[in-house]
Amino acid sequence: MGLSAPVVVSPEWLEARLESVTPVDVRPERAYADLGHVPGAVNVPAERFREPGRVAAGTLPDWETFSGLLERAGIGPDDALVAYDDEGGPLAARLLLTAATFGHRGPLYLLDGGLDGWRASYPLSSDPPALEPTSYEVEPPADSPLVGREAVEAAVDTDTVIVDTRTRAEFEASHVPSAVGLDWEALLDEEGWLKPRADLEHLLESRGLVPDRRVILYCNTARRLSHTFVVLAHLGFDDLAYYEGSLTDWVRARAPAWDPLELAGQVRAHADDGIEGLVDACGDDVLSRLKLVGLYHQKQPGYFMLRTKVPGGILTSEQARVIGRVASEFACAPERYGASRQNPIFGDAYLDLTTRQDVQMHWIRLGDVPEIWDRYEAVGLTTLQACGNSVRNVVSCPAAGLDPEETLDVRPQVETISERFLGDPVYGNLPRKLKVSVTGCHENCARAQINDLAFTPAVDGDRRGFAVHVGGGLSDGPRLASDLGVFVEPEQVPAVVAATAEVFKTYGSYLDTAVNRLRYLVEELGVERFREELERAVPFSFDPAGEAVTTSYRGDHVGVHDQADGRHYVGLAVPVGRLAGREFATLADLADAYGAGELRLTPNQNALLPHVGAADLEPLLAEPLLERYSPTPGPFTRGIVTCTGHEFCSYGVIETKNRAVGWARSLDAWAERCGLDEREVIRLHLSGCSASCAQPQLGDVGLRGEIYRDDHRTTAAVDVGLGGDLGAGRFADWIAGRVPAEAAPEGIGRLVLAYEAERLADERFSEWVDRVPNDRLRGLLEGYGDAPESSTAEVR
Amino acid sequence: MSEDRSKRADEPRLPGVGGDPRESVGPVSDPDGKTWFRDLDEAVVETDRCIQCGTCVAACPSDSIGIEEATGRPTLVRMCTGCSRCWDFCPRSGLRYERIVDLVARDAGLPRHGRNEGADGADDSIIVGEPYAARARDRSEHAAGQDGGAVTALLAELLESGALDGALVARERADEPLRGEAFLATSRADLREAAGSVYTQTMQLGRLEETLEEAGLDASDARIALVGTPCVIEGAAALERYDWAGESEPIALTVALMCTRSFEHERLQQAVESHGVDPAAVEKLDVDAGVLYAVDADGEVVLEEPIGSFDTAALRGCLECSDFVGGAADISAGSVGSGEGSTTLVVRTERGRRAFERASAGLETAALAETGALERIADWNQRRALEALPRRFEPRGSVGITYEQHRAAYDGTDREPEALNPARVHQYEEWC
């Protein structure tokens with residue numbers, strides 16, 4: 001039965017059948033309970049069954065939610081339902097459409113005039129009906145009225161009528177091509193009753209809507225279209241469909257406004273008009289779209305963070321010099337923010353190396369962007385798609401092509417992936433960002449498990465290729481990537497990236513940005529299904545998994561290391577990744593003088609100088625700059641990683657860079673006093689908030705900003721996690737929340753000492769953390785319970 | 001602190017109630033004490049306990065909490081950074097409001113009136129401060145305001161003397177009958193326009209920043225009087241004590257309007273309608289001696305009903321409040337106890353006393369010897385709160401209530417957290 005004419009019924013009709021049909025009130029529980037309802041009506045609140053939060057299923061609720069709601073309301077699959085609301089009908093219609101989509105067997109009716117219409121002639125009741133829970137089991141109809149974006153695309157400029165049920169103004173502002181506008185309220189008279197049939201038919205005909213044509217309806221949130229759907233069914237239309245993603249989804253997936261090249265052109269055209277001029281010309285949302293060209297509006301109004309994309313972290317010395325000079329010249333704070341005194345430790349005109357091998361700088365003015373881009377283009381640098389919902393900078397092992405042990409030199413793959421997606425509007429606007437990593441060495445340097453899509457080396461007989469992992473990530477829903485169990489050849493890599501982007505676009509939602517990272521889709525579809533979808537989207541079949549050759553996890557590349565060709569690469573620790581623009585230019589000069597004109601960036605916010613001959617090592621190591629950015633730093637300075645923090649980020653709860661540099665320095669001095677400076681590295685990752693930009697889950701000690709309050713005061717604090725170790729496939733466990741920040745270094749010192757005193761031979765920090773009860777770890781951190789003898793050494 | 005924390009069970013943080021997909025994918029769970037706006041949303045907003053004071057909006061350091069236009073309640077508008085501050089300052093969850101009231105009273109060190117057996121056995125007085133009967137000297141102000149117009153007169157004097165730059169008050173919205181909105185009055189004329197009580201909440205504290213901006217005042221040096229229900233003042237007092245980023249700096253005076261409950265605007269409109277009265281025709285509402293009066297533009301009483309018949313329109317969260325008088329405020333104002341045509345003022349703090357004295361030119365005042373009526377209603381209100389409050393009432397307890405403590409007390413009651421409809425999680429923004 002479902003939705004077949006007649007569908008819209010009058011209060012008189014309902015009153016005469018109260019014994020045989022089930023009225024369904026979709027208002028909120030409390031309105032239903034407190035303000036009265038149609039006698040005998042059951043309550044199924046609209047807010048419980050409208051669910052735009054799902055990743056793959058659009059805005060329909062999941063089956064369990066919906067059937068559970070109906071079962072608790074005592075509704076059976078063959079019941080005749082008469083739905084009503086007090087908002088003109090769209091929410092009630094939404095219930096009917098949802099039931100029809102799931103395959104409700106009984107007839108479905110909408111009460112004309114809603115609750116107000118009923119109340120005009122008949123009394124309300126406050127008595128809840130006696131409910132008997134039912135078992136609601138139905139089969140979905142063979143021909144579902146629910147269609148996706150692709151069906152709408154296919155219907156553009158065909159006989160199918162695409163109907164926009166939003167207001168006229170909304171329709172005029174934007175609509176799906178070839179759609180007709182039909183404001184849902186035009187079907188109702190002034191008092192909220194359905195207009196007479198003749199009037200309706202006349203109105204519909206004027207839009208080309210006659211019952212034998214196929215009709216696809218959309219609006220914004222699948223509410224208004226439901227009402228029109230029900231009315232059309234009432235009038236005898238039987239080939240009806242609806243597009244739940246609606247205009248929001250369509251616009252995000254299609255609009256030229258999200259084309260990175262187009263945007264870059266707009267920035268160039270309006271750079272001299274200031275932010276107001278750009279906003280006037282390109283719309284209010286232009287500031288958020290600018291991420292696609294590498295620009296983030298920073299906390300201080302009128303200034304931007306500029307992110308430069310460095311695929312695989314590989315720079316020529318010429319490129320590095322340009323970046324350094326751009327930072328010196330343009331990343332300068334204005335007088336009102338303190339100019340060169342803007343930061344007490346770093347001043348201004350500095351740049352930050354990031355965990356995706358990018359370079360970020362702050363205080364960039366819109367007017368300077370074209371000049372910066374010109375200089376970049378001259379040496380082959382770009383900021384396009386460095387941010388935004390696109391394929392982000394491709395991360396790889398910073399020693400690719402240098403490492404004597406590696407299975408594959410992945411530099412060609414990094415380059416092809418980067419070029420394949422650069423400026424391509426089709427992939428410039430994914431549902432969310434897509435982070436890709438490629439590793440050819442055996443030490444997982446590009447952190448496969450925390451990327452959306454990752455390639456790690458594998459061999460199959462004498463073939464060398466990759467294993468593929470999907471759905472990793474950190475933030476507030478950390479997940480280790482799943483191995484798809486396939487083997488791909490190096491030349492197949494770009495196709496796999498494109499296919500992943502396709503699957504993401506097809507199934508990912510543009511509506512719910514919080515939970516639509518690829519990992520949620522992998523979680524929802526399951527690894528098997530995801531692999532099948534991916535295989536359908538690539539022009540070849542997957543071979544079964546080869547033999548994985550990843551043997552360990554290498555945290556960083558600090559120190560002097562041998563290259564395959566007999567030369568050396570020198571990894572320099574850049575504490576928290578921040579250095580002056582002029583220092584970066586000097587590094588480029590050193591690369592020319594002692595290396596082969598190449599500089600690399602690592603996912604630890606450090607730098608690496610390759611191709612140094614044996615004879616050049618000693619003079620290089622004697623360079624004054626290497627005192628500050630040392631290949632042999634203290635263990636804490638070597639392992640420190642932070643995000644931007646409160647200084648520039650409007651989300652940053654606490655300041656990070658200065659704080660962490662200070663901590664690393666005092667902890668290193670303390671380690672020396674305690675005789676712990678033999679330890680190579682202790683990895684401290686400090687994020688200013690819970691967004692995981694400093695990857696706290698990977699640290700021996702992971703920290704994220706919080707705010708502490710007790711009866712007496714409030715102060716900056718950190719959540720503390722311990723034992724992150726990608727080599728063991730393990731994220732740091734949060735063991736204590738809101739530890740006042742000033743107490744953290746000393747607590748970390750006590751933990752490290754206890755580990756040194758108690759560890760078994762070769763026991764790693766993460767293994768020790770695993771073995772020691774959390775209560776004790778917490779006690780060590782917060783300074784109660786038993787601590788080792790030597791813990792009296794103070795961290796100053 | 002160390003005592004408590006060392007005893008915590010070796011367990012991850014209690015998961016939220018809503019089945020957030022972000023909680024289900026990973027192997028890692030949050031530490032104890034971590035709270036997100038989502039937790040507040042489920043424990044307070046979704047379960048209809050929100051009293052629309054706006055403290056969460058003011059407390060959020062990343063401006064991630066906005067106000068939903070239709071419901072007038074807090075909602076996430078940008079990424080939540082998990083700083084826990086919205087939770088810590090909400091009088092219906094992480095803020096032990098009776099403790100804030102207690103701390104203000106202790107600091108003030110003013111005489112106490114009346115005695116009441118506190119729930120924890122302490123001899124907590126229910127009215128703290130110096131009570132006065134006051135009225136505006138100006139007759140027209142007296143008539144326009146509620147019960148003596150003393151609040152209007154007090155604020156007007158302070159504005160005109162330059163002691164204040166503005167007063168954040170509530171007035172009725174132009175586009176919707178019986179619904180209030182926050183309004184920053186900067187002149188006597190503004191105050192007169194807003195005079196008279198509004199019986200719905202306006203998220204006032206959360207509008208401080210935007211109303212200052214609209215009025216062209218600089219938040220860093222403006223001096224503002226915050227006038228609101230006791231819960232708004234509790235939130236403000238807590239923010240003043242534990243200020244993080246200067247969010248409470250503009251507040252130079254707090255005035256609490258004595259209150260037993262406030263209403264939800266839509267349900268109030270419907271309730272008035274159900275008595276056959278057009279809400280748009282109601283010029284003014286007044287509650288006196290348990291009776292709600294609605295008066296039209298001609299001063300005609302069009303509705304006179306026992307307040308109990310409006311129960312369904314009341315904010316459910318109000319039942320948990322014992323703070324009828326507004327004990328965290330510098331000055332409290334109400335109608336009970338000072339007779340027809342007068343406002344009862346209770347002056348509590350040093351700041352309140354200075355303001356009261358500075359405004360004396362505009363006020364006729366007399367010390368109030370008899371506070372029995374005030375105590376009786378405060379006492380009744382407290383008993384009602386203790387019945388409704390699922391947690392213990394502890395004026396000497398710690399100012400913070402953790403998520404775990406809240407859940408332990410509220411789970412299994414009709415005020416337990418409700419799973420958030422995913423339709424409302426949808427309001428995040430991309431950030432990195």
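What pLDDT does chain B average, and what percentage of the residues score at least 70? In this predicted model, chain B averages a pLDDT of 85, and 84% of the residues score at least 70.

**Figure 1. Confidence in the predicted model, with views of the stretches where pLDDT is below 50 in chain B.** The model as a whole scores ipTM 0.87 and pTM 0.80. For chain B the average pLDDT is 85. Residues 111-123 of chain B have a pLDDT below 50, and this stretch has 29 contacts in the model beyond near neighbours in sequence. Residues 423-432 of chain B also have a pLDDT below 50, here with 31 contacts beyond near neighbours in sequence. Where pLDDT is low, the predicted coordinates should not be read in detail.

**Figure 2. Residues 52-58 of chain A, where pLDDT stays under 50.** Chain A has a mean pLDDT of 90, and 94% of its residues reach 70 or more. Over residues 52-58 of chain A, the model has 29 contacts beyond four places in sequence.

**Figure 3. The domains of chain B.** Domain 1 of chain B covers 13-94 + 402-424, and domain 2 covers 97-259 + 319-388. Domain 3 of chain B covers 265-313.

**Figure 4. Contact between domain 1 and domain 2 of chain B.** Here 15 residues of domain 1 of chain B are in contact with 18 residues of domain 2 of chain B. On the domain 1 side, α4 (55-59) and α5 (85-89) of chain B each supply at least two residues. The most comes from α4(B), which gives four residues to this side of domain 1. By class, the residues on the domain 1 side are nine nonpolar, four polar and two charged.

**Figure 5. Packing of helix α15 against helix α21 in chain A.** Helix α15 (residues 317-330) of chain A and helix α21 (residues 581-594) of chain A have axes 7 Å apart and pack at an angle of about 165°. The two helices, α15(A) and α21(A), are therefore roughly antiparallel to each other. The crossing of α15(A) past α21(A) is left-handed.

**Figure 6. Residues in the contact of α15(A) with α21(A).** From α15(A), the contact is made by Ser317(A), Ala320(A), Arg321(A), Ile323(A), Gly324(A), Arg325(A), Ala327(A) and Ser328(A). From α21(A), the residues are Gly581(A), Arg582(A), Phe584(A), Ala585(A), Leu587(A), Ala588(A), Ala591(A) and Asp592(A). The contact of α15(A) with α21(A) has eight nonpolar, four polar and four charged residues.

Methods:
Residues numbered from 1 in each chain as written. Chains lettered and ligands numbered in written order. Predicted model: local features only at pLDDT ≥ 70, side-chain atom pairs only at ≥ 80, totals over all residues. Domains from an automatic or database assignment. Contact = placed C-beta atoms within 7 Å. Nonpolar A, V, L, I, M, F, W, Y, C, P; charged D, E, K, R; others polar. pLDDT = per-residue confidence, 0-100. Axes fitted to C-alpha atoms, helices over the stretch in contact; angles between N-to-C directions. Parallel < 35°, antiparallel > 145°, perpendicular 65-115°, else oblique. Left-handed = near helix turned anticlockwise from the far one by under 90°.
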